[in-house]
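Please look over the structure below.

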Amino acid sequence: MMNNSPTLVQGEQYVSVTATVPPELSGRIFEWKKSHGISEPRPLSHITAHIASVVEKPVFQPVFAEHLAKMLPFDVSLGEPASFFPSTPVTFFPVHQGKENFLGLRQICSEYWGKSASPFTYVPHLTIAHHLPPALLEDSMRDLSQIPSDLLSFSVTELGIYFFNGQDWETAFTVSSS
């Protein structure tokens, strides 16, 4: 179930193309959320390349998957925690290295599924926390700035294509570099 999304509308359907981050980094974010009593902490963090409204669940299309696979693998490095506040109460790690790759993925996805459903200008990022009181958002940036820098650099070798059916997310298919 999605809550407090600045993009998703309950009852609408969406497709999302994401890059999963390494389990150790994802785990650090998950543990921080759990330790602060944040409801619905998601165990797997990701970087969204594109999200669009759709009328039906996406099916595997070989040509589309091939276009995405050609973009893989690529290296990513994340910067220091930042915030989109006051536009929206979100803290995040900005993508530094690999930003062009996410913009390329977004272009391919936009041509295939249409414009983004997000009301915001696209900034490739890894969300840390959202829709929390300002003090807790500040804490998230301070606490997670302590993550070792080697965890903030990794290679993207797989993309997940997910479908939001109006209630829950489900995996539609994945695309990998191999």
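Helix 2 meets helix 3 through F64, H67 and L68, which touch L105, I108, C109, Y112 and W113 of helix 3. By class, the residues of this contact are 7 nonpolar and 1 polar, with no charged residue. The model is predicted, and every value here is computed from it.

The axes of helix 2 and helix 3 come within 10 Å and cross at roughly 165°. An angle over 145 degrees counts as roughly antiparallel, so helix 2 is roughly antiparallel to helix 3. The crossing of the two, helix 2 and helix 3, is right-handed.

Which residues of helix 2 are buried? In this helix, residues 62-69, they are F64, A65 and L68. These three cover an arc of only 95° around the axis, which puts them on the same side of helix 2. The general rule is that an α-helix has 3.6 residues a turn, so residues three or four places apart point the same way. The face of helix 2 turned away from the buried side carries P62 and V63, both exposed.

What covers the buried residues of helix 2? The cover includes helix 3 (99-113), strand 8 (158-164) and strand 9 (169-176).

Helix 4 spans 134-144. Here R28, I29 and W32 of helix 1 meet L136, D139, S140, D143 and L144 of helix 4. This contact has 4 nonpolar, 1 polar and 3 charged residues. Helix 1 passes helix 4 in a right-handed crossing.

The two pairs are set out here.

| Helix 2 and helix 3 | within 10 Å | roughly 165° | 7 nonpolar, 1 polar, no charged |

P148 sits in the loop between helix 4 and strand 7 (153-156). Is P148 buried or partly exposed? Its relative accessibility is 31%, so P148 counts as partly exposed. Between the C-alpha atoms of P148 and K57 there are 38 Å; along the chain the two are 91 residues apart.

Methods
Residues numbered from 1 in each chain as written. Predicted model: local features only at pLDDT ≥ 70, side-chain atom pairs only at ≥ 80, totals over all residues. Heavy atoms only, no water. Buried < 20%, exposed > 50% of the residue type's maximum accessible area, 1.4 Å probe, protein only. Helix = DSSP H or I, 4+ residues; strand = E, 2+ residues; numbered from the N terminus. Arc of directions from axis to C-beta. Contact = heavy atoms within 4.5 Å. Axes fitted to C-alpha atoms, helices over the stretch in contact; angles between N-to-C directions. Parallel < 35°, antiparallel > 145°, perpendicular 65-115°, else oblique. Left-handed = near helix turned anticlockwise from the far one by under 90°. Nonpolar A, V, L, I, M, F, W, Y, C, P; charged D, E, K, R; others polar.
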